[in-house]
Amino acid sequence: MKNVNFYNPIDSKLRVWKDYTLVMPCIAIGNVGQLSVDLLISTMLRDKKCQLVGRIHSRSLQSVAGPNAFNHEDPNLTTTCEVYEIPEKHLVVIQIRAPPYKERRKLFIKEFSDWIQACQFKTALTLTSGLRPFLNPAIRDRTLFRFLTTSPCQEEFVENFIDKTQITKLSSDIFVTSRSITGLDFAGAGYARLFYREWESRGMNALFIILFCSEGDNLPEAYAMVNKLDAYLNLSEGPSNPEPRIEWKPPVSWSSFYGKKVPQEINE
C-alpha cells in the first residue's frame with residue numbers, strides 16, 4: 001500500500017509558510033476551539049480572504065467525511081483535518097473535526113509537531129477550553145479567559161498579547177485545589193496538554209488561549225473566543241474597541257442543529 005504524505009496540498013502551488021502564524025483548535029470541553037475556528041474560516045471565506053489549500057492525513061486520526069461544512073453546493077467533502085490559508089494576514093488555519101485515537105495520540109502529536117517545524121511557522125496558536133466547575137468559586141463570575149505560552153516566547157510577545165486581548169496568564173491559584181499545575185494539566189483541556197509538553201520540550205513558540213466553560217450550548221463561548229482572536233490578530237483591521245469588530249458568519253453546517261435560525265451573533 002502506497003504511503004500518503006502527512007500534509008496533502010490540493011494543488012501544485014508551492015506555498016512557503018515561514019513566519020506565518022498557525023491557528024488551530026484543540027478538541028476539548030464544549031468544543032469551543034472547533035466552533036471558533038468554524039466561525040473564523042466561514043467569515044474569511046465569505047470575505048474571500050482565505051481558501052482551502054490542503055488536508056492532513058494520519059492513521060492516528062479518526063476518519064470523518066461529509067458535505068462541505070461551509071458551502072453545501074460545493075461537491076468537495078469536508079474531512080477530518082483541513083488546512084486553510086489567509087495570505088494577507090500570514091495565517092494558516094487548521095480545522096480538526098475528530099480527535100486522534102487514544103492509543104495513537106503521542107504519534108499524532110509527534111507527526112504534527114514535525115510538520116509545524118518543517119513549515120517554520122512563527123507561532124503555533126491553539127484555541128482550547130477547560131472545565132469551569134474546577135475553578136475557585138471566588139473567580140467564577142469574572143472573565144474566564146486565560147492564556148499560556150511555552151518558555152521560548154519572548155517577554156515582548158507576551159506583553160503585546162496581553163495589551164491587545166486583556167487576557168490574564170494562567171496560574172494555579174484559579175483552581176479549587178492549591179496544587180501546582182504544569183502547563184495545561186487540568187480537567188477538560190483534552191490533548192492540549194500533550195501539545196504543550198511536546199512544544200515546550202522542542203523549544204517551539206506556542207500560545208494557548210483557554211476559555212473555561214461547562215458542557216452544553218457553547219456558541220456564546222465560541223463568539224467570545226473568536227472576538228479575542230480578532231483583537232489579537234487584527235483580522236478586521238479596525239479600531240481596537242468596541243468589540244465585536246467583525247460580523248461573524250456561521251457556517252452552513254450549523255443549520256443542522258439550529259435549522260434556519262442559525263445564530264448570527266451571541267453576546268459574550
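Start with the rings: the model holds 23 aromatic pairs. Rings of Phe, Tyr and Trp (its six-membered ring) pair if their centres lie within 6.5 Å; planes under 30 degrees apart are stacked, over 60 edge-to-face, the rest tilted. This is a predicted model: local features need pLDDT of at least 70, side-chain atom pairs count only at pLDDT 80 or more, and totals for chains, interfaces and linings use all residues. Residues are numbered from 1 along each chain as its sequence is written, and side-chain values use heavy atoms, with hydrogens and water left out.

**Stop 1: Phe175 and Phe186.** Select both. They form a tilted pair, 5.4 Å centre to centre, with 35° between the planes. Both sit in the loop between strand 10 (168-169) and helix 4 (192-202), so the pair ties together parts that are 11 residues apart in sequence. Helices (H or I, at least four residues) and strands (E, at least two) are DSSP runs, numbered from the N terminus. Phe175 is buried at 8% relative accessible area, and Phe186 is buried at 5%. Buried means under 20% relative accessible area (1.4 Å probe, protein chains only).

**Stop 2: the ring cluster.** Now select Phe6, Tyr7, Trp17, Phe108, Phe112, Trp115, Phe121, Tyr191, Phe195, Tyr196, Trp199 and Phe208. Ring pairs link these residues into a cluster.

**Stop 3: Ser58.** Go to the loop between strand 3 (51-56) and strand 4 (65-66), where Ser58 lies. Ser58 is buried, at 7% relative accessible area. Which residues does Ser58 touch, not counting those up to four places away in sequence? Phe6, Phe108 and Glu111. Contact means heavy atoms within 4.5 Å.

**Stop 4: Ser42.** Move to helix 1 (residues 32-46), which holds Ser42. Ser42 is buried, at 2% relative accessible area. Leaving aside neighbours within four places in sequence, Ser42 contacts Phe70, Lys249, Pro250 and Pro251. A polar atom of the Ser42 side chain lies 3.5 Å from the backbone oxygen of Pro250.

**Stop 5: helix 5.** Select residues 219-233. Helix 5 has 15 residues and reaches 21 Å from its first C-alpha to its last, close to the 21 Å expected at 1.5 Å a residue. The expected span is 1.5 Å times one less than the number of residues. Asn234 follows helix 5, with a positive phi near 55°.

Technical notes:
Buried means under 20% relative accessible area, exposed over 50%, partly exposed in between (1.4 Å probe, protein chains only). A polar contact is a pair of N or O atoms within 3.5 Å; within protein, one must be able to donate a hydrogen and the other to accept it, and residues adjacent in sequence count only if both atoms are side-chain atoms.
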